[in-house]
Every structure is written in structure tokens, then in C-alpha cells.
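Here is a short report for a reader who is new to this structure. Look over the sequence and the model, then read on.

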Amino acid sequence: MPVVAGPSAGPSTIDKMKMGALMGSTVGGIMGFIGESLPDTGTVAIFQYGAGPNGVMRTLGKYMLGSGATFGLFMSIGSVIRSEGPHNDLWLRAQGPPMMLPRQSPLRPVRQ
């Protein structure tokens, strides 16, 4: 018979940091490719001004790598900050069974 795992505590802080860095670098790389988030970067700048002496691929790679690294760093820091703190405990306590309150109708008087 397989062993059933108990309730898990969820991903660790390091896992959340890795996931934030991965999501941020992906979004930053795409924005570096498009180049509309910052003026004069990405494909838009290459179309407007040319690639320069480095060529199209090297220039576009620099834009994508710089944007991806920057946004990935900020996203990983933000995901760690968001996952730590007193709000996490409140969320975990809210996941318990619901508290049932007796219904009191304003139309009927309460009998004693």
C-alpha cells in the first residue's frame, strides 16, 4: 500500500524566489525582444536605427538579456517579500473549517 503524504506546507521561500526569477526573466526577455517598454530598445530600435556594428542577433540578445535579468531580479525579490510576513499566517488560519453563526432574522423576534 502506498504511503499517503500528510498536508504539505507549500513551497519554500527559495522555491518562491526561483519561480519569481523565472517568471520575471521570461517576461523581461519578451519585453526586451519587443522593445516597447523602454524607448530605443529591442526590435523596434533595430528597425528604426539599424543594428550597428554588432549585428542584429548580438544587439537584440543584449537587449533581451539585460531586460530579462533586471526584471527577473526585481520579481524574485518581490515574490520573497510577498510570501513573508504576518499576512501569511492570517491566510493559513483562514483555510480552516468555516465558522457557523446562528441565523437571526430581523422579521422574527428572538424567543427566550
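## Surface and overall make-up

The model is predicted. The chain has 112 residues, and 17% of them are buried.

The secondary structure comes to four helices and zero strands. Along the sequence, the pattern reads α-α-α-α.

How is a pair of packed helices described? Two values are used: the angle between the axes and the distance between the axes.

Helix H2 covers residues 42–49. Its axis and the axis of H1 come within 3 Å. They cross at roughly 15°. Angles under 35 degrees count as roughly parallel, so H1 and H2 are roughly parallel to each other. On the H1 side, the contact is made by Gly32, Phe33 and Ile34. On the H2 side, Gly42, Thr43 and Val44 take part.

## A nonpolar patch on the surface

Which residues form the nonpolar patch on the surface? They are Met19, Met23, Val27, Phe71 and Met75. Together they have about 450 Å² of accessible area. Two elements give two or more residues each to the patch: helix H1 (13–34) and helix H3 (56–83). The largest share, three residues, comes from H1.

Met19 lies in helix H1. Is Met19 buried or exposed? Its relative accessibility is 52%. The cut-off for exposed is over 50%, so Met19 counts as exposed.

Phe71 has its place in helix H3. Its relative accessibility is 38%. That value falls between the 20% and 50% cut-offs, so Phe71 counts as partly exposed.

## What Phe71 meets

Leave aside the neighbours of Phe71 within four places in sequence. Which residues is Phe71 then in contact with? They are Gly24, Val27 and Gly28. Of these, Val27 is also one of the residues of the nonpolar patch.

Gly20 can be compared with Phe71 by position. The two are 51 residues apart in sequence. In space, they are 9.6 Å apart, C-alpha to C-alpha.

## Further along H3

Ile77 lies in helix H3. It has a relative accessible area of 42%, and is therefore partly exposed. Where does Ile77 stand relative to Met17? Along the chain, they are 60 residues apart. Their C-alpha atoms are separated by 6.9 Å.

Gly78 is placed in helix H3 too. Its relative accessible area is 34%, so Gly78 is partly exposed. Gly78 and Lys16 are 62 residues apart in sequence. From C-alpha to C-alpha, the two are 9.9 Å apart in space.

## In brief

The chain is made up of four helices and zero strands. H1 and H2 are roughly parallel to each other. Helices H1 and H3 each give two or more residues to the nonpolar patch.

Terms used
Residues numbered from 1 in each chain as written. Predicted model: local features only at pLDDT ≥ 70, side-chain atom pairs only at ≥ 80, totals over all residues. Heavy atoms only, no water. Patch = residues over 30% accessible without salt bridge, like charges linked within 9 Å, V, L, I, M, F, W, Y side chains within 5 Å. Areas by Shrake-Rupley, 256 points an atom, 1.4 Å probe, with all protein chains shown as cover. Salt bridge = Lys/Arg side-chain N within 4 Å of Asp/Glu carboxyl O. Buried < 20%, exposed > 50% of the residue type's maximum accessible area, 1.4 Å probe, protein only. Axes fitted to C-alpha atoms, helices over the stretch in contact; angles between N-to-C directions. Parallel < 35°, antiparallel > 145°, perpendicular 65-115°, else oblique. Contact = heavy atoms within 4.5 Å.
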